[in-house]
Amino acid sequence: MAADVETKPTVLVIFGASGDLTWRKLVPALYNLSLDGYLPDRFALLGLGRSAMSDDALRQHMRDGVDRFSRRGKTEVKAWADFSLRLAYHKTDGAEAFATLSDRLVALDKEWSSRALRIFYLAVPPGASETVAQKLDAVGLARNDRTRIVIEKPFGRDLASARALNLSLTKIFHETQIYRIDHYLGKETVQNILAFRFANILYEPVWDRRYIDHVQITVSEEVGVEHRGGYYDRAGALRDMMQNHLLQLLCLTAMEPPVSFEDNEIRNKKVDVLHAIRPIAPDRIEQTAVRGQYTGGFVRDERVQAYRQEPDVAGDSSTETFAALKLFVDNWRWQDVPFYLRTGKRLPAKASEVSIQFQRVPHQSFPAMAVAAWRPNRLVIRIQPDEAILLHFQAKRPGPPLHLSPVEMHFCYGENFKIAIPEAYETLLLDVMQGDATLFMRADQVEAAWSVLTPVLENWEKVKPVDFYYPAGTWGPEAAEALIVQDGRRWALPSILPKVEEKSSP
């Protein structure tokens, strides 16, 4: 967080204030920002919804959310009393609702004797974003230098719909006013990829095709679709996770060094990566992309049901709950280095990691017995859980015989920094208030990401999947293993798993 940047008087207007996102994430994040002194003295949160609700009812509901989900635990009595006075509710049902909202914002400006920054956070279903934007424009709340709009993912469901939404929004707002939010980019270890690469000289000289054999990016989840069956069955893993989270991790891993850390410079470098990704030929889909759907099984020794038995999921659904891709970045740094990406639900562990495996040494001069357990060097950036950076290398075992063994050096956030790590939404909300768009998706970046996946989406919508099932509690369908084994490699197990389990993976 950029604590040295002054935050202007701010009104945050949340559309969908009674929803789960506001209750579990947004208000707990704002409460923590308040405790840490990041909110301006003149700050107001206006929760909007269609149902009738008093200010006190909103405050009590939000306190319950903070008590349950804040990283600090239960609210402090005085701190909550001070913070809750900034919360109010506004009903949006009725023809005059947005005009009344405009009047209320004007009244706040008069009360504060200031032209406050106005942030409109759209915590609403994807299809409602365009409608809300148009209504804001109709009452004069869109095009001015103090308005910002925050839009949650998914941003479109394919390239055509993303382009159409971008076109609609940019007719109302300037691009600099639009903050397309992906909470994954607010995670500390995701941001630390940039710090690790560009603040240290040790790795950047070997961060290319000469020394790196391949890169693996894994985002695995133990949970199923939970209460999101209706949405997820229309989306699937490719849209829900691959298009945003995993491609963003690929961009941060593969991007060129920026000239500065100005927001558009960083985003330019990420867009360059997306444009350099080798197009997926329609006749190469099966060699490049794998999908799967979980059946009944066991996760942590607990019996779980199949995806098709989940609430609001069609009984004959062919939606993928697992997706894996093999991508190439065609430029001087990465030519012919494969990037293997996988994500799925009901896998054995919750983990998000970037694993960079280096080339083998050019000549192995040690006796064969000494290197029986030898493995290539591997760098692991663990995003969650237990944020860490791990380096796997070789060392001599103690004792007279010469035997090399894989060992590990690690940096763990929890061990080195004795403070609670801010939640992603704390970072991102503060960035919106301070006008820092570094961690937000620009229009061309969204469209470039969809362009990468379009051939796969079109193929999967036309071709019915065959043998793509995997039991819950396993690492996906057999085809996912074949995707990487055909290149003489294997998926690395997440570093959070016991070491005895990790020995099965190179």
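**Labels and their grounds**

Reply: The lining of the second largest pocket has 10 nonpolar, 2 polar and 4 charged residues. The model is predicted, so local features need pLDDT of at least 70 and side-chain atom pairs 80 or more, while totals for chains, interfaces and linings use all residues. Residues are numbered from 1 along each chain, and side-chain values use heavy atoms, without hydrogens and water.

Me: What makes a lining residue nonpolar, polar or charged?

Reply: Ala, Val, Leu, Ile, Met, Phe, Trp, Tyr, Cys and Pro count as nonpolar, Asp, Glu, Lys and Arg as charged, and the others, Gly among them, as polar. Among the residues closest to the centre of the pocket are Glu 286, Ala 289, Arg 291, Pro 465 and Val 466.

Me: Why is Asp 467 called exposed?

Reply: Exposed means over 50% relative accessible area, buried under 20%, and partly exposed in between (1.4 Å probe, protein chains only). Asp 467 has a relative accessible area of 70%, so Asp 467 is exposed.

Me: How do you know that the peptide bond from Lys 153 to Pro 154 is cis?

Reply: Its omega is near 0°. Another cis peptide bond joins Gln 384 and Pro 385, with omega about -15°.

Definitions and conventions: 1 Å grid on protein atoms, 1.4 Å probe; cavity = no way out; pocket = protein on both sides within 12 Å on 5 of 7 lines; lining within 4 Å.
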